Amino acid sequence: MPAGMGINGFGRIGRLVFRAAMGNPDVAVKAVNDPFMDLKYMVYQLKYDSVHKQFAGTISAKEADGKEFLVVNGVEIQIFHEKDPAAIPWGAA
């Protein structure tokens, strides 16, 4: 059973951690928090990284019931935009 993981920040380092986690069968990314990046830009940044090249998989955005999801290789990953890390509902993801 893979370990669930949340990533706080989707800048350069957060995206590298995300890519590594997605390639590891022992890890399941459940949520990403970034208070400054909107969902469509997350998709773009992950899909077309100028240093680490294009992501080898499918990436899209989904919005449902007031929630946002990054859909990567068919897996829905919940997105949060909280400035205070204590306010992130990691367990709900």
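Trainee: Which residue stands opposite M5 in β2?

Mentor: In this predicted model, M5 faces V29 of strand β2.

Trainee: What makes β1 and β2 a pair of strands?

Mentor: Pairing requires at least two bridges between two strands. Six bridges join β1 (residues 3–8) to β2 (residues 27–33), so the two count as paired. They run parallel. Between them the chain passes through helix α1 (residues 12–22), and this β-α-β crossover is right-handed.

Trainee: Why is D49 called buried?

Mentor: Buried means under 20% relative accessible area. D49, which lies in strand β3, has 13% relative accessibility and therefore counts as buried.

Trainee: What makes the approach of D49 to V51 a polar contact?

Mentor: The distance limit for such a pair of N or O atoms is within 3.5 Å. The backbone nitrogen of V51 lies 2.8 Å from a polar atom of the D49 side chain, so the pair falls within that limit. Leaving aside residues up to four places away in sequence, D49 touches R15, R19 and Q54.

Trainee: Which residues of helix α2 are buried, and against what do they pack?

Mentor: In α2 (residues 39–47), the residues L39, M42, V43, Q45 and L46 are buried. The buried residues of α2 pack against α1, β2, β3, β5, β6 and β7.

Methods
Residues are numbered from 1 along each chain as its sequence is written. This is a predicted model: local features need pLDDT of at least 70, side-chain atom pairs count only at pLDDT 80 or more; totals for chains, interfaces and linings use all residues. Side-chain values use heavy atoms; hydrogens and water are left out. Helices (H or I, at least four residues) and strands (E, at least two) are DSSP runs, numbered from the N terminus. A crossover is right-handed if, with the strands pointing away from the viewer, the path from the first strand over the helix to the second runs clockwise. Buried means under 20% relative accessible area, exposed over 50%, partly exposed in between (1.4 Å probe, protein chains only). Contact means heavy atoms within 4.5 Å. A polar contact is a pair of N or O atoms within 3.5 Å; within protein, one must be able to donate a hydrogen and the other to accept it, and residues adjacent in sequence count only if both atoms are side-chain atoms.
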